[in-house]
Amino acid sequence: MEIITIIIPLLAAAVQSGTPILYATLGEIITEKSGVLNLGVEGAMIIGALAGFIVSRYTGSPVLGFFAAGIAGSFATSIHGVVCLWFQGNQVVSGLALTILGAGLANYLGTSYVGLSAPGFSPVAVPLLSSIPVLGPIFFNHDILVYISYCIPPVMCLFFTSTRFGLGLRAAGEYPAAATAAGLNVLAYRWFGILVGGFLMGLGGAYLSLAYTHLWTTNLTGGRGWIAVALVIFAFWRPGRAVLGAYLFGSVMALQLRLQALGTQLPSSILLMLPYVLTVFVLVMSSWRKKTNEEPAALGVNVEPAD
Amino acid sequence: MFHIRITKRQEPLSVGGSCLVLLSALILSLLLSGLLLFFRGTPPVDGIVTLFQGAFGSRWAIEDSILKAIPIFLCSLGVAIAFRLQIWNIGAEGQFALGAIGATWVALSFPQWPKIALLPAMVLAAAVAGGGWGMIPAILRQRLKTNEIIVTLMMNYIAILFLEYLVYGVWKDPTSFGFPMTPEFSEQAIVGKIGTTSINWGLAHCLILGVLVWGFFKFTRTGFEVKACGDNVRAARYAGLPYDRLVVLVMVLSGALAGWAGFLEASATVNRLQPSIMVGYGYTAIVVAWLARLHPLSIGIASFLLAGLRVGVENMQLDLQVPAAFGGIIEGLILLTVLAGGLFTHYRLIRGKK
């Protein structure tokens, strides 16, 4: 009985900490499925976080803030789209540049908001579902953004497997030359992947500034965007496994906060290392167990303009 | 209707053309940054003038720019070696931290050694620590094909937290009034300044190491193998080149150079270990390496320019209260515009009737 009262709040906190990572991971999955490697997740997230915060602060509506964050995320990743899809820039370097630019922009435009708060989302228990023992308090006693995040993976699975557009997007990522020959507009699919992916990354950022905390601080994302990039590999590009990975990281972050609050003997810097060490560990494990290569075959390869 | 077509160039863009593209990219990024200044209510022209004056407008400014260019140059040299093999070492920041830690360990353990023994020992410790830190992702990649971009990046976070752990804990100076820093190094552990300038002898290290790296690619067999594998991994493997071993080698060299930069920063610039040495030189190094197209001499020039950017932004911060993050924005913009400008080296735009 004792242990349950400790574990349930911990797992509920894990779902909450995992949600921003989940949004970002799903965003990166759809981008990579279209054949574009976007390492600027961290940049798109932080820009989304700031946009969401500012809009919510001025309009008083966190819902508007949430959407603004998605649009800002798409705007951020569209820079990557311009450089890589139109100008044939190296996707690795462009993504890094987006991370540097995003962090710079968020800190530059956000300095005057540091320490200020904005109206955000608060937990709403789902009627009936939240009264299920154990599962209820863990999964159904959160803010609405968590519930939205539950809906995205199944939708994405359906999109990839059962819609024409989803199949076309995967073709653009697997074999762009064949897709072009079949009359598909590869660049359009890749733009879709980049923009929708950026929207989700922005939403992940908004979760941090509008639900996880209601405050603006510098360096709010703290490497979560990079963890998302790693999780895409861990998830074998499957939305379902992304959920697993995101909550795994959520648990570690929740545990780390709990341990810090309890005042353990471990120094805080060592505790803060945990998610990063886990990322490396998870990557090593997934490369170890990798039997088939599920990475989109044309990931990171630009489509040369036809003469 | 006029319509723009993109066609492949028969031969690469001329040197003059490349310079023009680079210059346009730089001007475009400055214009965009000026626009951002305008949005914040800072007069853009004043801002850019303050930036350049702060960076290159006085002897003191130029010395400060050179001082900051030293760690950026060494990190960038390392990053460039790895990039040459198409190995994406994003971990210069962490390797820099480990180098500073390694050097500090020697400096604090053997403070009484004569300078002639202590400084080389510190360099060695820094290079081994930085190189070892770089070797971990290389081994993982070689054995398990683990993505080195994410591993090196995660190891940056881990390295910085480890540095903090040390200076907040076991290495903390008991007389520092609670500030997170180690005790000051002994006289023998400090790299001195050149003459009456504020520039330290690290500049000479840069010149020597820069020439060595240039020579490595120009004259050695291994350097040639790295270039060949970087240009076409598959072909090089068929030719029997030891790709996997080269991956480890370039990452160790890369890490050792970043570690060397960490040593200089701890020894010459702050004379101790403290978290404030981690200001993102390792990330700027990536921008520099790409701008310079991985060539050592160009890396030297680009390091000086981007170091100047950092110094100039500090000046803007003092005079115009522009946040320090402005530097990151310009860096990001320069990298993006230069990348986009790369299109013109391989393609030409033709205006024609549709």
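This is a predicted model: local features need pLDDT of at least 70, side-chain atom pairs count only at pLDDT 80 or more; totals for chains, interfaces and linings use all residues.

User: What makes the radius of gyration of chain A agree with that of a compact globule?

Analyst: A compact globule with 307 residues would have a radius of gyration near 19 Å, and chain A has 19 Å, so the two agree. The C-alpha trace of chain A spans about 65 × 45 × 40 Å along its principal axes. Buried residues make up 52% of chain A.

User: How do you know that chain B also fits the globule rule, and what is its radius of gyration?

Analyst: For 354 residues the rule gives a value near 20 Å; chain B has 22 Å, which agrees. Its C-alpha atoms fill a box of roughly 75 × 60 × 35 Å along the principal axes, and 49% of the residues of chain B count as buried.

User: Which secondary structure elements do the two chains contain?

Analyst: Chain A has 12 helices and 2 strands, in the order α-α-α-α-β-α-β-α-α-α-α-α-α-α along the sequence. Chain B comes to 14 helices and 2 strands. Among contacts in chain B between residues at least 6 apart in sequence, 78% join residues at least 24 apart; the corresponding share in chain A is 79%.

User: Why are H3(B) and H10(B) called roughly antiparallel?

Analyst: The axes of H3(B), residues 59-84, and H10(B), residues 243-270, come within 7 Å and cross at roughly 175°. Angles over 145 degrees count as roughly antiparallel, and H3(B) is therefore roughly antiparallel to H10(B). Among the residues that meet are Ile70(B), Leu74(B) and Leu77(B) in H3(B), and Val250(B), Leu257(B) and Trp260(B) in H10(B). By class, this contact of H3(B) with H10(B) has 16 nonpolar, 3 polar and 1 charged residues.

User: What makes H1(B) and H2(B) oblique to each other?

Analyst: The axes of H1(B), residues 15-39, and H2(B), residues 44-56, come within 8 Å and cross at roughly 120°. Perpendicular pairs run from 65 to 115 degrees and antiparallel ones begin over 145; H1(B) and H2(B) are therefore oblique. The crossing of H1(B) past H2(B) is right-handed. Leu30(B), Gly34(B), Leu37(B) and Phe38(B) in H1(B) meet Pro44(B), Gly47(B) and Ile48(B) in H2(B). The contact of H1(B) with H2(B) divides by class into 5 nonpolar, 2 polar and no charged residues.

User: How do you know that Trp237(A) is buried?

Analyst: The criterion for burial is 20 or more other C-beta atoms within 10 Å. Trp237(A) has 21 such neighbours and therefore counts as buried. Trp237(A) lies in the loop between H10 and H11 of chain A, and its phi is near 65°, a positive value in a residue other than glycine.

User: Is Leu294(B) buried or exposed, and what is the basis?

Analyst: Leu294(B) is buried, because 21 other C-beta atoms lie within 10 Å and the cut-off is 20. Leu294(B) is found in the loop between H11 and H12 of chain B. Phi of Leu294(B) is near 65°, again a positive value in a residue other than glycine.

Note on methods
Residues are numbered from 1 along each chain as its sequence is written. Chains are lettered from A and ligands numbered from 1 in the order in which they are written. Axes are lines fitted to C-alpha atoms, for helices over the stretch in contact, and angles run from 0 to 180 degrees between N-to-C directions. Helices (H or I, at least four residues) and strands (E, at least two) are DSSP runs, numbered from the N terminus. Angles under 35 degrees count as roughly parallel, over 145 as roughly antiparallel, 65 to 115 as roughly perpendicular and the rest as oblique. Two residues are in contact if their C-beta atoms, placed from the backbone, lie within 7 Å. Ala, Val, Leu, Ile, Met, Phe, Trp, Tyr, Cys and Pro count as nonpolar, Asp, Glu, Lys and Arg as charged, and the others, Gly among them, as polar. A crossing is left-handed if the near helix is turned anticlockwise from the far one by less than a right angle, and right-handed if clockwise. The radius of gyration is taken over C-alpha atoms; the globule rule is 2.2 Å times the number of residues to the power 0.38. A residue is buried if 20 or more other C-beta atoms lie within 10 Å of its own, exposed if 12 or fewer, and partly exposed in between; C-beta atoms are placed from the backbone.
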